[in-house]
Amino acid sequence: MKVLHIVATALAVTCSAQIGVAHEDVKDPNVKQRMMLMSEVGANTKTLGKMAKGAQPFDAASAQAALAKIAELSKAAPAAFEVQGDDPKTEALPVIWDEFDNFTDLSMKLSADAEMLAGQVNTLDDLRANMALIGGGCKACHSKYRE
């Protein structure tokens, strides 16, 4: 069990370092900020997914922390996208700014869902039963607003 914790910690550190490296050549600071924000949402979602699949031991405190972080970051997403950045590395589609109210609504829904679940996910079964809600919230935005 101790080895698994060490490996999980090492993976988390490696993923964080890779996120920074992956975005280091982004010139537009607005694009870079939102790419970092969205990468952090993805990292927290990945943690939940690994737990749900049994690839990582379930830990209620870690699951709740990941959900709380997703809630916080999703709430911050619209502000990060207020300025339409111009960088070749962006994966954001221009339709975000044409439909900014809908984009904001989707972000706020994911935030509310994640916040609600953060207080309710106490077991692996709780997490598995609700992963579709989080995944669906991400997909609703990505399928329409991301390359």
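Because the model is predicted, local features required a pLDDT of at least 70 and side-chain atom pairs counted only at pLDDT 80 or more, whereas totals for chains, interfaces and linings used all residues. Residues are numbered from 1 along each chain as its sequence is written, and side-chain values use heavy atoms, with hydrogens and water left out.

The secondary structure of the protein chain comprises six helices and zero strands, where helices (H or I, at least four residues) and strands (E, at least two) are DSSP runs numbered from the N terminus. The order of elements from the N terminus is accordingly written α-α-α-α-α-α. Of the 147 residues in the protein chain, 34% are buried; buried denotes a relative accessible area under 20%, exposed over 50%, and partly exposed in between (1.4 Å probe, protein chains only). Among the contacts in the protein chain with a separation of 6 or more, 72% involve residues 24 or more positions apart, a contact being defined by heavy atoms within 4.5 Å.

Leu37 is buried, its relative accessible area being 11%. With residues up to four places away in sequence not counted, Leu37 touches Leu73, Ala76, Ala77 and Ala80. Leu37 and Leu73 are separated by 36 residues in sequence, while their C-alpha atoms are 6.6 Å apart.

Aromatic side chains were examined next. A pair of aromatic rings is described by the distance of the centres and the angle of the planes. Four aromatic pairs were found in a search of the whole structure. In one of them, Phe100 and Phe103 are tilted, with a centre-to-centre distance of 5.8 Å and 40° between the planes. These two residues are three positions apart in helix H5 (residues 100-118), so about one helical turn separates Phe100 from Phe103. Phe103 also pairs with Tyr145; the ring centres are 5.7 Å apart and the planes lie at 90°, so this pair is edge-to-face. Because Phe103 belongs to helix H5 and Tyr145 to helix H6 (residues 124-145), the pair ties together parts that are 42 residues apart in sequence. Both partners are buried, Phe103 at 2% relative accessibility and Tyr145 with a relative accessible area of 2%. Ring pairs join Phe81, Trp97, Phe100, Phe103 and Tyr145 into a cluster. Residues up to four places away in sequence aside, Phe103 touches Ala77, Pro78, Phe81, Ile96, Cys141 and Tyr145.

A disulfide is a covalent bond between the sulfur atoms of two cysteines. Under the criterion applied (a pair of cysteine sulfur atoms within 2.5 Å), the search of the whole structure returned zero disulfides. Cys138 is in no disulfide, and the nearest cysteine sulfur, that of Cys141, is 8.6 Å away, which is too far for a bond. Cys138 is buried at a relative accessible area of 17%, and Cys141 counts as buried at 11% relative accessibility.

At least two lining residues are supplied by each of H2, helix H3 (60-80), H5 and H6, and the largest share, eight residues, comes from H2. By residue class, the lining divides into 15 nonpolar, nine polar and three charged (nonpolar: Ala, Val, Leu, Ile, Met, Phe, Trp, Tyr, Cys and Pro; charged: Asp, Glu, Lys and Arg; polar: the others, Gly among them).

Pro88 is situated in the loop between H3 and helix H4 (95-98). At 82% relative accessibility, this proline is exposed. Pro88 and Val31 are 57 residues apart along the chain, with 9.6 Å between their C-alpha atoms.

Conventions. Rings of Phe, Tyr and Trp (its six-membered ring) pair if their centres lie within 6.5 Å; planes under 30 degrees apart count as stacked, over 60 as edge-to-face and the rest as tilted.
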